[in-house]
Amino acid sequence: MKKTFLFLALALMPLLTSAQNLKFAYFSYNEVLQSMADYATVVQNMKDLRAKYDAETQRSEKDFHTKYENFLEEQRNLAPSILKKRQAEIQEMMYKNMAFKKESQKLLEQAEKQAFAPVHQRLRDTVSEMGRESGYAFILNTDDNALPYVDATMGENITEALKTVLK
C-alpha cells in the first residue's frame with residue numbers, strides 16, 4: 001500500500017509542479033446566457049407559445065364548464081339512456097382536457113429544449129474558442145455554488161468578456 005502511494009506521488013510530481021503554471025478562468029453561465037440577444041428572443045417566443053397553449057386550455061375548460069352546467073340543468077328531464085350518454089360525453093371531454101394539458105406541457109418542454117439548444121451551443125462554442133485563444137487549461141462555471149471559492153489572482157473572471165463577445 002505504501003509502495004503504491006509512493007509510486008503515485010512520484011508519478012504525479014511533474015503534474016503538480018506544472019499545475020502551478022496552469023491558467024484558468026471562470027464565469028457565470030446563467031448571467032452570460034441571459035445577456036445574449038438570442039436568449040431574449042427564445043424567451044419571448046416561448047412566452048408566446050405558452051400563451052397559445054394556455055388560451056386553448058382555457059377555451060377547452062370553458063367549453064367543458066358550459067356543457068357541464070347545461071347538463072346539470074337538463075339532467076332531471078332526460079331519459080336514462082340520454083342521461084348516460086351525456087354523462088359519458090362529459091367524462092370523455094374531461095379526460096381529453098386532462099390529456100391535452102399533459103401533452104401540451106410535454107410539447108412545451110420539448111420546444112423549449114429545441115429552441116434553447118442553439119443558444120447554449122453558441123455559448124459553449126464561444127467559451128471553447130476563448131479558452132483556446134487565451135490559453136486556459138479549463139474554464140469553470142460559478143453558478144449554483146459550484147465554485148464556492150476562487151483566488152482571483154490565480155484565475156480570471158471572464159463573465160463580462162463573454163457578455164461582450166456574445167452581444
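**View 1. Glu61 and its salt bridge to Lys101.** Glu61 has a relative accessible area of 27% and therefore counts as partly exposed, a class that lies between buried (under 20% relative accessible area) and exposed (over 50%), with a 1.4 Å probe and protein chains only. Glu61 pairs with Lys101 in a salt bridge whose closest N and O atoms are 2.7 Å apart, the term standing for a side-chain nitrogen of Lys or Arg within 4 Å of a carboxyl oxygen of Asp or Glu. Because Lys101 lies in helix 4 and Glu61 in helix 3, the pair ties together parts that are 40 residues apart in sequence; helices (H or I, at least four residues) and strands (E, at least two) are DSSP runs numbered from the N terminus. The model is predicted, so local features need pLDDT of at least 70 and side-chain atom pairs count only at pLDDT 80 or more, whereas totals for chains, interfaces and linings use all residues. Residues are numbered from 1 along each chain as its sequence is written, and side-chain values use heavy atoms, with hydrogens and water left out.

View 2. Glu74 forms a salt bridge with Arg86, with 2.7 Å between the closest N and O atoms. Since Glu74 belongs to helix 3 and Arg86 to helix 4, this pair ties together parts that are twelve residues apart in sequence. Arg59 and Glu56, which meet in a salt bridge at 2.6 Å, N to O, both lie in helix 3, three residues apart, about one turn of the helix.

**View 3. The course of helix 4.** Helix 4 has 55 residues and reaches 80 Å from its first C-alpha to its last, close to the 81 Å expected at 1.5 Å a residue, where the expected span is 1.5 Å times one less than the number of residues. Helix 4 bends by about 35° at Ala117, and Pro118 follows within four residues; the bend is the angle between axes fitted to the seven residues ending there and the seven starting there. Buried residues of helix 4 include Ile90, Leu108, Phe116 and Met130.

**View 4. Asp144 and Asn145 in a loop.** Asp144 is found in the loop between strand 2 and strand 3 (155–157), and its phi is near 55°, a positive value in a residue other than glycine. Asn145 is placed in the loop between strand 2 and strand 3, with a positive phi near 55°. Most residues other than glycine have a negative phi. Asp144 counts as exposed because its relative accessibility is 73%, and Asn145 is exposed at 61%.
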